[in-house]
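Hi,

Here is the structure I promised to pass on.

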Amino acid sequence: MAGWRAALLGAAWLVGLAWDATAQPVLRVGMAAQDVGRLDPHFATSTIDRVVVGWMFNGLVRFAPGSADPATIEPDLAERWDSSADGKTWTFHLRRGVRFHGNYGELTAEDVAFSLKKAGTAASSAFSADFRSIGSVEAVDPYTVRIVLRENVPSLLGILTNYSGGYIVSKRAAEERGDGFTRAPIGTGPFALDRVTPSQSAELVAHAEYFREAPQIGRISYRFIPSDASRDLAFQNRELDLNYGRSDQTWVNRMRQQPGVTVDIFEPAELAILNLNITQPPFNDLRVRQALAHAVNRAELVRWRGTDVSREGQSLVPRGYLGFIEAGVLPHDPVRARALLAEAGHGSGLTVKVIHTQLPEMLNMMQVVQQQLRRAGITLDLQVVEHATFHQQIRQDLSPLVYYSAARFPVADIYLTQFWHGRSIVKTPTAVTNFSHCSQADAQIDAARVSTDREEQLKLWGEAQRILVQQVCGVPLVETLLVFARRDALDYGYPLRGSMSLGPPITERTRLR
Amino acid sequence: MLFFLARRLLAAVPTLLAVLTLVFVIVRIVPGDPALVILGDQATPDAAAALRAKLGTDRPLWDQYAGFMGRALTGDIGTSMVTGRPIAAEIAAVLPHTLDLTLAAMVFGILLGLPAGIWAALHRNRAIDVAARLLSLLGLSFPVFVSGIFLLLAFALHWRIFPVIGSADLADPLDRLHKLLLPAMTLGLVMAAYITRVTRSAMLQSLGEDFIRTARAKGVPHRRIVWVHGLRNASLPIVTVVGLYVGILLGNSVLTEIVFNRPGLGKLIVGALNQRDYTMLQGLMVIYCVLIVAVNTATDLLYGVLDPRVRAA
């Protein structure tokens, strides 16, 4: 048996040698970026990094290519798995013959255990919080991994997908390269990093020994083109096959007019919310919060941004996430808004100083909201600062109203915990992004997280959303989808409806016709 | 001359030290936490604290300053906080692109601006002069990101002579030149406009001097009066503008690099600023400072060559 395996591996190696990536087509991708940041997948937090990391790594399980729906999760590096009756012990059986990039050999359970421990450690991962429920990870044998949970989690498979901390890295490469791993990462994905030219491009080469099959595309040239105008011109001039797009109807329409171009609009949507600090004046008064909610006109915001690329927010969790409900957000009613303001002692109007980013997409949206609120007598005095400063200052609790737009793993628990749980309130030791200081739904969020009864879990998540919306901890605005334009010659090999890596997955089936 | 050179180089040392200190302070005055930028918005305070400790941004400022100066004085500018790549290697990879662009723009600016300025001065208040002044005003009025897009629309999209993406293969001289022409033209147009105006005004002043009248009275040929007596005496303000403008070119190259998607110091510095990459910003500022000091020193030396009175002073 061992002899046969050695022969097969030898044959695969010879096929790999004979297979020449340079003879295959090159996919040219234009990205709105100055440069990539950290390519260690457990530190890949920006869109720019997430997109490229998605082409280089696998998880134990994966979203079906082109989907961001947890219902489509399917085997990836693990070919099957089973769990104990109490749902706390999970055993994953790995595929055999999965090869890492370069000469880093075959994937084993040691690599998986190392990767998951690394992803769960604050010093070596930006996503360690997602793994706090994992008690232990051990390699039972070279192809079996056992995970024991401290407490039940809503979706263990969700944490282990090809997303954020779920990516599996080569233990040997990570240990050998140390800090250098972040610029020379080794995974098992269909493409391997060849080189990064600063401010210019990241070049990837097909992984000939990819366990599914050798990719049909030989190389990917991932070009950093921060200027939207230049990137669009390069795409128009056929210097790019795939172009990062703007979530803007005018842009979409303009691209669609070009012959031989398809615009893909896909999930996950980012939900923009006005987070209101309920512990400080003026938003410590429910009537003021309700007035603000009534002043917002979501339909108008969608018309402004574009009906193809956005939709109205209907809860404090994005639509389509497991557990989402239409939570009964207050309708647009400027008359009622003025009446509520008068009732709260602000008959002559109200001015709120708000720290906001100068990032054009967010600033433009906020300026439209500013006009809507002004009609109801609420003046937003925008203090516009640079984006990194904005992030720092809102985390220092310096703004009573925070506009924040985000997408997360599509299960309600993550969004509810990070934005609306008392443990996540900013300026606390366990802070994440709770700017509203709301903790009224903590009991429901906590109970749902550990519940093993799916019906009860959904009910609790729904209840949490209703409480938060009634308390007007935040006002949902719009959900904005991701947009890419591609030449028709580029065939993904699957229908693109969603991608958790925030860019089109380039798989072994993707081809340039 | 050697003494003059030594004096100028010595004067550059305190300038460099002052700039290093200023850079260190400015970079840290800008609000924004590199750890938050790197870890993204889902990072826990634990993770942010761990990264701050690793990056050294949690250490007292004086300690960070001492480390920075110590390394800078030994020629070590460290590694990028964000990418972890050595800064010297990152800069070395893009510096040739920026130098190509700056030098080509400077040559373009001089070749276009100098004759235009002289010609305008020799035809004062005539159609040629008015045209030169109008065109130079246009050149100064158009920001690089507007003229760049216009040139791209014309030469890349309409006539398809040049590519939109201007990042060239440094090992291929033809490719390098091909992708350099359009950005250099864009950047050089503004410089040409400046040089035209300065040359015109310096030449007008020079040509109105007594020694020019004397030369004319002595029957010196017109060509010699213009190119030798007139231009040599007008050259000091022109050299000053060119020297100063190299600094502006380096600054303007940021926009040109972004519009034409060329790698370079400008793109690197914008990225470092957005990501609060302190070490990269410091390294880049040091390089900019060295380049500017070098250009200013070269300009001073050129003064000495053009006008021996400067050396004597």
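Which pattern does chain B follow when read along the sequence? It is α-α-α-α-α-α-α-α-α-α-α-α-α, with 13 helices and zero strands in chain B. Please keep in mind while you browse that this is a predicted model.

Of the 313 residues in chain B, 40% are buried. If you take the contacts in chain B between residues at least 6 apart in sequence, 73% of them join residues at least 24 apart.

Now to chain A, where the domain assignment gives domain 1 (19-233 + 489-512) and domain 2 (267-481). Taken over C-alpha atoms, the centres of domain 1 and domain 2 of chain A are 32 Å apart. Where these domains meet, 13 residues of domain 1 of chain A are in contact with 11 residues of domain 2 of chain A. On the domain 1 side of chain A, the touching residues comprise six nonpolar, five polar and two charged ones.

Strand β14 (residues 350-357) and strand β15 (residues 378-385) of chain A run parallel and are joined by eight bridges. Within this pair, A:I355 stands opposite A:Q383 in β15(A). To get from β14(A) to β15(A), the chain passes through helix α11 (residues 360-375) of chain A, and this β-α-β crossover is right-handed.

Notes:
Residues numbered from 1 in each chain as written. Chains lettered and ligands numbered in written order. Predicted model: local features only at pLDDT ≥ 70, side-chain atom pairs only at ≥ 80, totals over all residues. Helix = DSSP H or I, 4+ residues; strand = E, 2+ residues; numbered from the N terminus. Buried ≥ 20, exposed ≤ 12 C-beta atoms within 10 Å, placed from the backbone. Contact = placed C-beta atoms within 7 Å. Pairing = 2+ DSSP bridges. Right-handed = clockwise from strand over helix to strand, strands pointing away. Domains from an automatic or database assignment. Nonpolar A, V, L, I, M, F, W, Y, C, P; charged D, E, K, R; others polar.
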